[in-house]
Amino acid sequence: MNNRRKVGTAYEKEAVLFLQKKGYDILEQNYYCKYGEIDIVAKESGYLVFVEVKYRRSSRMGRPESAVNYKKRKHIIESARYYMYDKYKRDDIPSRFDVVAIQGKLIHLIKNAFYA
């Protein structure tokens, strides 16, 4: 498991650099609360963006973004609500949920990957 965490951390750093090149202002990484974890919290085009990073070495286990299933989305949404209350004391901030999918050497961004 420790090795998986190292791999995850390395690809989250890659995702941060990728997002910064696209104009995202990174606010936090690995935000933990009682509902779960948010890999990256950023601001982009007037939105507070909650980003999930998924990596797959190959397509053998499916596309990386397919791992953001209903249960995972539910935890991310609850964590995002908690984050907004924790940091801004409100939950009506324009926000969205993006996914950075990394497969092998390919990286792509899915804006508005799912909705709350």
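Guide: One term before we start: two strands pair if DSSP finds at least two bridges between them. And keep in mind that this is a predicted model.

Visitor: Okay. In what order do the strands sit in the sheet?
Guide: The order is 1-2-3-4-5. The sheet is open, has five strands, and its pairing is mixed.

Visitor: Which are the edge strands?
Guide: Strand 1 (25–33) and strand 5 (106–114). Each of them pairs on one side only.

Visitor: What does the twist average from one strand to the next?
Guide: It averages 30°.

Visitor: How many bridges link strand 3 and strand 4?
Guide: Nine, in the parallel sense. Strand 3 covers residues 47–56, and strand 4 covers residues 95–103. R56 has Q103 in strand 4 as its bridge partner.

Visitor: New topic. Where does helix 2 pack?
Guide: On the sheet. Helix 2 (residues 70–88) touches strand 1, strand 2 (36–44), strand 3, strand 4 and strand 5. Its direction makes about 110° with that of strand 1.

Visitor: Which residues of helix 2 are buried?
Guide: I76, I77, S79, A80, Y83 and M84. Their cover includes strands 1, 2, 3, 4 and 5.

Visitor: And how far does helix 2 reach from its first C-alpha to its last?
Guide: 26 Å, with 19 residues. That is close to the 27 Å expected at 1.5 Å a residue.

Visitor: What happens at the start of helix 2?
Guide: A side-chain oxygen of N69 comes to within 3.3 Å of the backbone nitrogen of K71.

Visitor: Which residue takes a positive phi just after helix 2?
Guide: K89, at about 60°.

Definitions and conventions: Residues are numbered from 1 along each chain as its sequence is written. This is a predicted model: local features need pLDDT of at least 70, side-chain atom pairs count only at pLDDT 80 or more; totals for chains, interfaces and linings use all residues. Side-chain values use heavy atoms; hydrogens and water are left out. Helices (H or I, at least four residues) and strands (E, at least two) are DSSP runs, numbered from the N terminus. Axes are lines fitted to C-alpha atoms, for helices over the stretch in contact, and angles run from 0 to 180 degrees between N-to-C directions. Contact means heavy atoms within 4.5 Å. The expected span of a helix is 1.5 Å times one less than its number of residues. Buried means under 20% relative accessible area, exposed over 50%, partly exposed in between (1.4 Å probe, protein chains only). A polar contact is a pair of N or O atoms within 3.5 Å; within protein, one must be able to donate a hydrogen and the other to accept it, and residues adjacent in sequence count only if both atoms are side-chain atoms.
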